[in-house]
Amino acid sequence: MKDLKYLTAYSTPLCAFIGLTYQDVWVWLTPIYAFVLVPIIESILPVNEVNIDSQEKEDKQSLHWTDFLLYLNIVIVYGILLLTLSTVTTQETSLAELVGLIFSAGIVIGSNGINVAHELGHRKSKIERTLGKLLLLPALYMHFYIEHNYGHHLKAATPEDPATAKYNQSLYSFWVSSIYKQYTNSWRIQMDLLKRANNSFLSFKNDMFWYHIFQASYLFVAYWFFGSLGLMVVIFAAIAGFLLLETINYIEHYGLRRKKLPSGRYERVREVHSWNSNHVFGRIMLYELTRHSDHHYRANKKYQLLDYHDISPQLPYGYPTSMVLSLLPPLWFKIMNKRVPADQRIESHKS
């Protein structure tokens, strides 16, 4: 019964559905909920540092009903997108309503799409990984699967990782560098994988090529059925979705650096190389994404099994609140720079 708390993750698309149903000012319910109400709720609720016991972990190692909570997001994300497209192309909407609906769809793509895709992308089952890629499609960010799994998890908290924000780097600078470098890195990784397997660029196993085919087809279908307005909606909703992802990337490793060893290699990724938050509401809303250190320590560990480590650097606020603060660089630096461990701060300056 304790796992029923993860139903909270559906609260974001529920807000989007309410906005689609009632429109007017209700179209802004989703962003207000995610970035105003949730931070307020997190400031009221206690921080929970408790880890589940070994027996519970054993019970949840195999296929568990909480896994189906993830799979249901396929229907939810595409359902919200379809309702949004249908609403804006068949009903009279003001510019403010249109912007609110697109932003709301983007938040759903980010929270229930990309976030769940990240979780499923680390699973051992090919079916689950495929579902994860389907959830990356509406964000037009399918290359994330390659860069994240074959790049970020090897190079996190090093200067070579585009998804690790440098000390004193603003969010807006990070958006530009991370989006560009993750895309180009994805191609580099893909070509290296093809070369190792003696496959050509035109090989069926060139996933990057297929990702572009799928994404172009997705855009074509949106245009075919919903016209230029529908195409605009899916593009801007995708941008909102992947900017949310990059904002989370920014706060997850901001200013943290692994030490370079005399051999020239970096120390292994440890629990001290990711920012964590035990603010309970954000945790369950984001399927325990905020226990990020344990995720890097054991990447294929299911979300409900992730542990808190007391040596991990802790954010003073939950992830949703931290995302809002990161939009104001001077305030973010004032709050966070003093919290970056001194030894890692030095490494960050060197890079």
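## Surface patch

The model is predicted. Helix H9 contributes three residues to the nonpolar patch, the largest share. The patch is made up of Met 191, Phe 201, Leu 202, Phe 209, Ile 213 and Phe 214, and together these residues have about 560 Å² of accessible area.

One of the patch residues, Phe 201, sits in the loop between helix H8 (171-196) and H9. Phe 201 has a relative accessibility of 38% and therefore counts as partly exposed.

## Nonpolar cores

The largest nonpolar core holds 50 residues. Leu 70, Ile 109, Ile 114, Leu 135, Leu 136 and Tyr 287 are the residues with the most contacts inside this core. At least two core residues come from each of helix H1 (11-22), helix H4 (65-90), helix H5 (95-121), helix H6 (126-136), helix H7 (144-155) and helix H9 (207-253).

Leaving out residues up to four places away in sequence, Ile 109 touches Val 77, Leu 81, Ile 114, Pro 138, Ala 139, Ala 237, Ala 238 and Gly 241.

Thr 84 is part of helix H4. Its relative accessible area is 1%, so Thr 84 is buried. With residues up to four places away in sequence not counted, the contacts of Thr 84 are Leu 20, Leu 101, Ala 105 and Val 233.

Gly 151 belongs to helix H7. Gly 151 counts as buried because its relative accessibility is 7%, the cut-off for buried being under 20%. Under the exclusion of residues up to four places away in sequence, Gly 151 touches Ile 146 and Ile 189. Gly 151 and Asn 199 are 48 residues apart in sequence, and their C-alpha atoms are 20 Å apart in space.

## Aromatic pairs

The count of aromatic pairs comes to 18. Tyr 6 and Tyr 303 form an edge-to-face pair, with 5.0 Å centre to centre and 85° between the planes. Tyr 6 lies in the segment before H1, while Tyr 303 lies in the loop between helix H11 (292-297) and helix H12 (319-326), so this pair ties together parts that are 297 residues apart in sequence. Tyr 6 and Tyr 303 are both buried.

The pair of Tyr 250 and Tyr 254 is tilted, because the planes are at 45°; the ring centres are 5.5 Å apart. Tyr 250 has a relative accessibility of 0% and counts as buried. Tyr 254 also counts as buried, at 0% relative accessibility.

## Salt bridges

The whole structure contains seven salt bridges. In one of them, Arg 123 pairs with Asp 67, and the closest N and O atoms are 3.1 Å apart. This pair links distant parts of the chain, with Arg 123 in the loop between H5 and H6 and Asp 67 in helix H4, 56 residues apart. Both Arg 123 and Asp 67 are buried. Arg 123 also forms a salt bridge with Glu 128, where the closest N and O atoms are 2.9 Å apart. The relative accessibility of Arg 123 is 6%, and Glu 128 counts as buried at 11%. A network of salt bridges links Asp 67, Glu 119, Arg 123, Glu 128 and Lys 302.

Asp 192 and Arg 196 form another salt bridge, with the closest N and O atoms 3.1 Å apart. Both residues lie in helix H8, four residues apart, which is about one turn of the helix. Asp 192 is partly exposed, having a relative accessible area of 31%, whereas Arg 196 counts as exposed at 66% relative accessibility.

## Positive phi angles

Leu 140 is not a glycine, yet has a positive phi of about 55°. Leu 140 is located in the loop between H6 and H7.

Glu 288, also not a glycine, has a positive phi of about 65°. The position of Glu 288 is in the loop between helix H10 (280-285) and H11. With a relative accessible area of 2%, Glu 288 is buried.

Definitions and conventions
Residues are numbered from 1 along each chain as its sequence is written. This is a predicted model: local features need pLDDT of at least 70, side-chain atom pairs count only at pLDDT 80 or more; totals for chains, interfaces and linings use all residues. Side-chain values use heavy atoms; hydrogens and water are left out. A nonpolar core is a set of buried Ala, Val, Leu, Ile, Met, Phe, Trp, Tyr and Cys residues joined through side-chain atoms within 4.5 Å. Buried means under 20% relative accessible area, exposed over 50%, partly exposed in between (1.4 Å probe, protein chains only). Contact means heavy atoms within 4.5 Å. Patches are made of residues with over 30% relative accessible area and no salt bridge: like charges are joined within 9 Å, nonpolar side chains (Val, Leu, Ile, Met, Phe, Trp, Tyr) within 5 Å. Accessible areas come from the Shrake-Rupley method with a 1.4 Å probe; for residues, only the protein chains shown count as cover. A salt bridge is a side-chain nitrogen of Lys or Arg within 4 Å of a carboxyl oxygen of Asp or Glu. Rings of Phe, Tyr and Trp (its six-membered ring) pair if their centres lie within 6.5 Å; planes under 30 degrees apart count as stacked, over 60 as edge-to-face and the rest as tilted.
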